[in-house]
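Subject: Structure handover

Hello,

Here is the structure for your files. My notes on it follow below.

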Amino acid sequence: SLPQRIRMAIQSPPAQQSLENPQTMGQSINIKPYLCQPQIDYFVAKNQKIILAAMTKRALAEAYKELRAILPNSVVIDHVTSDTPGGAINAVRKIFDEEGISIHPRVILMTHAALVRLSELNYGFRKEWIVFIDEIPNVLSQHEINISDTHHLLLPHLKLALEAPEGTTDWPRVGINRGDESKITDVAENKGRDDIQKVLQPLARMINSNHILTWVNADSWNRTINESPEDGKEQKIYFNGLLQPTAFAGFKQVIILGADFKDSPLARGQRSSSNDVAIPVTRTAPSCASKSTRPTSPSSVPASMT
């Protein structure tokens, strides 16, 4: 049977959507309720750095037009996606390197998937950035793939653990063998743009992430490892990954623009996590719902996001 937290995520729509391949939600963003003129004036005056994450490239394109129309020309807006030369993460690396010494306001637009991958970068000055996340991020990633003849690229470097948190006989937790971390990282990064590794890249990224718990279906693992594939019959292996709230830790502020957040799998994951990581929700700018242009005093709510 599936681990309980995976079952809860599947039962919570839109669980069918993957961080790597969102389907129908998040096609557009209405920026104005969240970045009204008092907030914009405040952010610019304070040289604030902002990340806006959305589910889809289309939503980001719409957000870029809207932000460019309301932000002063002095504010740089970076729109980074997988289509950006060198990829979104390399582009953000470059921006972060530049912003380490910058005192100017800046905005980066990226997808949810890129934001999660950004969590793997060790930049201490991310604490200077406020993150707006449009729609509640999907926590479940599901991968089913036929690697009958190519499983040697991944599986020998992995280990299964029943004793790990919530590992079961049917769905053991997946880890990386000590000393083999570079093997999985090589596939996850795919620096040579290898076409075969490109297919395995999303799965390798999930397994390699410090912020995603990964399980595998034991029967499909054993078939892939031990049995020769039958002619004309697909032999798939099944993985489930669950995003942890720690992916959003370390920023100055995280603001999730989505309804019913407290009942979402992401919030439930935070409440049930053994890693009680505090994610700051300090108010650093005037609310768009308020006529006041003076920010309220910072406050901290541990282990939660708004």
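The protein has nine helices and 10 strands, where helices (H or I, at least four residues) and strands (E, at least two) are DSSP runs numbered from the N terminus. This is a predicted model, in which local features need pLDDT of at least 70 and side-chain atom pairs count only at pLDDT 80 or more, while totals for chains, interfaces and linings use all residues. Residues are numbered from 1 along each chain as its sequence is written, and side-chain values use heavy atoms, with hydrogens and water left out.

Overall figures

Of the 306 residues, 50% count as buried (under 20% relative accessible area; exposed is over 50%, partly exposed in between; 1.4 Å probe, protein chains only). The accessible surface is about 15,500 Å², and carbon and sulfur atoms hold 49% of that (Shrake-Rupley method, 1.4 Å probe; for residues, only the protein chains shown count as cover). Among contacts (heavy atoms within 4.5 Å) with a separation of 6 or more, 74% join residues 24 or more positions apart.

Sheet

Five strands make an open sheet with parallel pairing, in the order β2-β3-β1-β4-β10; two strands pair if DSSP finds at least two bridges between them. At the edges are β2 (76–79) and β10 (253–257), each of which pairs on one side only. Neighbouring strands here are turned by 15° against each other on average, direction ignored. Strands β1 (residues 49–54) and β3 (residues 106–111) pair in the parallel sense over six bridges, and Ala 53 stands opposite Met 110 in β3. Helix α3 (residues 57–70) lies across β1, β2 and β3 and runs at about 160° to β3 (axes are lines fitted to C-alpha atoms, for helices over the stretch in contact; angles run from 0 to 180 degrees between N-to-C directions).

Cores

The largest nonpolar core has 55 residues, and Ile 51, Met 110 and Phe 239 are among those with the most contacts inside it. A nonpolar core is a set of buried Ala, Val, Leu, Ile, Met, Phe, Trp, Tyr and Cys residues joined through side-chain atoms within 4.5 Å. Helix α4 (residues 88–99) gives the most to this core, with six residues. Apart from it lies another core of 19 residues, including Tyr 42 and Leu 257.

His 143

His 143 is found in strand β5 (residues 140–145). Its relative accessibility is 15%, so His 143 counts as buried. Beyond its neighbours within four places in sequence, His 143 is in contact with Pro 202, Leu 203, Met 206, Ile 237, Tyr 238 and Phe 239.

Regards
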